[in-house]
Amino acid sequence: MDASPNMAESSSETSKTRGVVAEYDTPEALIAAANRVREAGFTKTDAFSPFPVHGIDEAIGIKPTILPWIVLTAGTIGCITGLTMEVWMNAISYPYIISGKPYISLPAFIPVSFELTILFSAFAAFFGQWFLNGLPKFSNPMFTSPKFDAATDDKFFLFIDARDKRFDDKGARALLGDTSPLSVDDVIDDPSPASMPKAIYLVVIALAVLSVFPLLVIANMRVTKSSSPRFHIFWDMDFMPYKEAQEATILFRDGRAMRPPVPGTVMRDDSNLQLDYQLGIQLDELAKIDADRATRLVNLVQNPDAQAAAAEQPAAPEEVVDNTPWVTDNPLPINLETLSLGRQKFEIYCAVCHGRDGFGNGLVNQRAQKILATTWSQPSSLHEDRLLEGKMADGKLFNTISNGIRKMPGYASQIPVADRWAIVAYVRVLQASRNASADQLPADRRSKLVREAEVLKRKLEAEEAERQKKAAEAAAASDVPAKEAEGVVPDTAEPKAPEAEKESAAAGEADGKPAAADAEEKPASDAPAGDAPSDPKSDDAAGGDEKKTEEKPTTEDEAKPSDDAKEDSDGGSQATEQAEEKAAEEKPVVEEVDGDSEDEDATEADN
Amino acid sequence: MAIAVPNKLDNTYEQPNQRAPLVLGESTTYHTITESVSSIAERMPSKGWIVAFLICAHVAAFFGILIAYLIYTGVGVWGNRSPVFWGWPIVNFVFWVGIGHAGTLISAILFLFRQDWRTSINRAAEAMTIFAVVCAGTFPGIHVGRAWLAYWLFPYPSLNLWMWPQFRSPLLWDVFAVSTYATVSLLFWYMGMVPDLATFRDRSKNKFRRFVYGVLSLGWSGSARHWHRYEKAYALLAALAAPLVLSVHTIVSFDFAVSQLPGWHTTIFPPYFVAGAVFSGFAMVITLLVPCRSMFKLEHLITIRHLENMNKVILATGSIVGLAYGTEFFIAWYGQVPAEKFAFINRAFGPYWWAYWIMVTCNVISPQLFWMRFFRTNLVAMVIVSIFVNIGMWFERFVIVVSSLSRDYLPSAWGYFTPTWVDVGMLIGSFGLFFTLFLLFCRFLPIIAMSEVKAVLAHQIHVKHAAEHGETH
């Protein structure tokens, strides 16, 4: 190639010349030529190379691009967009509560904001670059020359634009010819039309219209009503051959799709399966004796709603010989927890009538006695002989609590089954606190009690001896009878000493007398007269005076047995505690003689 | 304008006072570079290419059929069962996303560090990124169960749901991270390719090719003004892609680390995942480019030095990954959390011990061979190691996903994961898709960034001239 006129030049007469271009072999030659052209004063020049040539920017005077600022702006917008979107979507439009975090959880919003910052910046860098470069542009005068194809291969071109005010075809060619180019050519206008063929526009418009059509159909279907079923591409289990609630069916004679449970179905709950536990009756045994009743009872448990209709009276009448095979052992584990529960429930539900001590003199009874209620029948004392362990089965006691007896209503609806059994256990404790024999105690407790009884006995004997001595002296000194002295000088324990002695001796004996007699005597002895007949130990209770006698020596020695008694009765005995309280209360008032105050104390304790 | 560099020069040795040449060949000029790269797309494909393409395309079609089967039948065709609901699909997802990272790392981070050796491999590595992300994106897309509703993942004003995505979930971050990554990688790849597409356009003999490549190259003329903005934009994209590539695998690791599962809930995951991703990605580049350079006769452009540099990266990242495995165990012991301790003992000695030790052998031990020069520069040896690394990195994700999920806090809910034939088929199928796309790329697009290699050659010539003229440079 040389600088001589070529085809392009010959056609330049018909087409407008856009400038002159020179072709070089190396980037160094290009830069050298560009420097010369710039020194010659040309400003509208451009260079073309297959790769970015180092130093060409200065050689043809390219100003720095504003692209970085566009990218920075876009990145900032991306970051703000991300944050705004997240805050608006998750905190304002549809607030999410996630793990109790604040609605606007900035740390969790960082990743998406970061990604959007990068995404927006990258779009800006990519599209901004093409926009600033004026690309895509498929019509370029440079492309008219076949030589120019080498610009993307291994040749370098320098172009002087005809619009440069110094441009002059001859001069420019001469200048470029001096820079040892491979060739110098005119650049002519692209003769082909710059605009795209109309057919392309038509095709694009047609495609755009067609692509909108499905969307319009969908939009139309969304807002109009139709009698035909919805068109389902994916069924998503929307249609399944099952019956909705309350629907009819032809499969069953009664036409109901919802089926009641088959008769005899039992609930899948352990406690409900344990019918003995629910009823307090050994059903297997009952079924042998009275199958009908057993069936009725089972139905009763399984359909508690039908209880009223069933008219079952599980409680056997008192008078009839009771052959029901009651459950004999409490099914609950007998431990402190059960007993505490039983005590709590007993004091909530039972104590109002039966009294906290179980003697049947609760507040309701006291009130009934006071107003002489005619329909009132005295609640049983739980210490009655017929109710003691061994006489009445635990199951029957449970049944009584559940279904009531005589005037007592059933508590099945108020007290859960487990709690009722716990009450039974506690009632046994209450009974034991009155009726247990010393040999029921653990050996260490018993020996301790015996020791203490010995101590007390010796002490009382000593006092007795002293009293007799004093009495003898007094008799010697005056004629006042000992019996009168007893009443006149109440602040001394001497008059009651014999009885106290008798009692403490009884406590020491292991012959079935109450082991905790010392402690538990008090509530019983303080009980009102009405209560007394039912007290199995009423023979010991000689009234308020005797009480005093006991109180008199209330010292550390005295307090201990009551502590022991409490523990012996599984630590849950109310009666024991009552005694203890009393002991504590009365320590400072040993001298008090007034029997009434004792009564009041007992009442308070009952409450 | 040729440079007198012998074809067989061992450019892995440094010469005193001069940089080792990155472009070899006694008669290599700008034009021969154009020629050797463009002719790949211009001549009829070789028999080897056709056979490889047919095989891969069939495997890819099999993948498509399996996806259709999955969508038609339901995700029950996979082995994902309680307690392992993230089975192979998520393992494959993380594996493929990781593979992609090497491409962006080579094109962006090495660009920012002015590592000229990237120019011969960056195009293929970027293409690999795009195709790996395509494979990666497929798996969570079909793992959502009802794949036709996968667009619910994006925040759009829904008339059905009347609600928005939950932006505190790492799974949603993942949607943004992976889709941004795919988009930016595509832009970066395409923008880098435009000058080379213009070369293809200008060399086209028939009108159809000229039209297609003409449209794709957007009228690129090689103007200095265009180059100026183009280079700025390229640098900006590189600067944006560098933190992006780090963020993507960080966020993928958040899918695991933000949960409270023993073995997942660790702060080491983000750096460990990123290192692992670069590691596996470079191994995949080696696996692809070693056969490629001999098939397409590009040994003078993709030299042993390029491959050796990549092997060094593999060695470094492999050692980082090994360190991370050790650190995980140390923290499990040092943290004294019983569940965490159990999780790691279970990983190494539990029912998946075999997977764990495959992982350690492939990822930690096999790259250590690269300490030796022989293995770094021997083609067969490096391909074998790179395949080991690929296997190891797949098993790493398998170990993380499956061993932790199969035995968490509740021993009564423990289970053993067994893949189904669909799982296996989909893994193989995704490789088929990946290689099909890569083979098509080799056939139709410039697999080496010609303009960048030419710039490197220009620099090499410039330096040589300067040396000849006694200038100090």
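1. In which sense, left-handed or right-handed, does α5(A) pass α7(B)? The crossing is left-handed, a term for a near helix turned anticlockwise from the far one by less than a right angle. Helices here are DSSP runs (H or I, at least four residues), numbered from the N terminus.

2. A word on the model: it is predicted, local features need pLDDT of at least 70, side-chain atom pairs count only at pLDDT 80 or more, and totals for chains, interfaces and linings use all residues. Residues are numbered from 1 along each chain as its sequence is written, and chains are lettered from A and ligands numbered from 1 in the order in which they are written.

3. Now the helix pair: the axes of α5 (residues 106-133) of chain A and α7 (residues 224-257) of chain B come within 9 Å and cross at roughly 165 degrees. Axes are lines fitted to C-alpha atoms over the stretch in contact, with angles from 0 to 180 degrees between N-to-C directions. The two helices are therefore roughly antiparallel (over 145 degrees).

4. Among the residues that meet are A122(A), A125(A) and F126(A) from α5(A), and L237(B) and L240(B) from α7(B). Contact means C-beta atoms, placed from the backbone, within 7 Å.

5. Finally, the whole interface takes 52 residues from chain B and 56 residues from chain A. On the chain B side, α7(B) gives the largest share, 16 residues.

Definitions and conventions:
Angles under 35 degrees count as roughly parallel, over 145 as roughly antiparallel, 65 to 115 as roughly perpendicular and the rest as oblique. Two residues are in contact if their C-beta atoms, placed from the backbone, lie within 7 Å.
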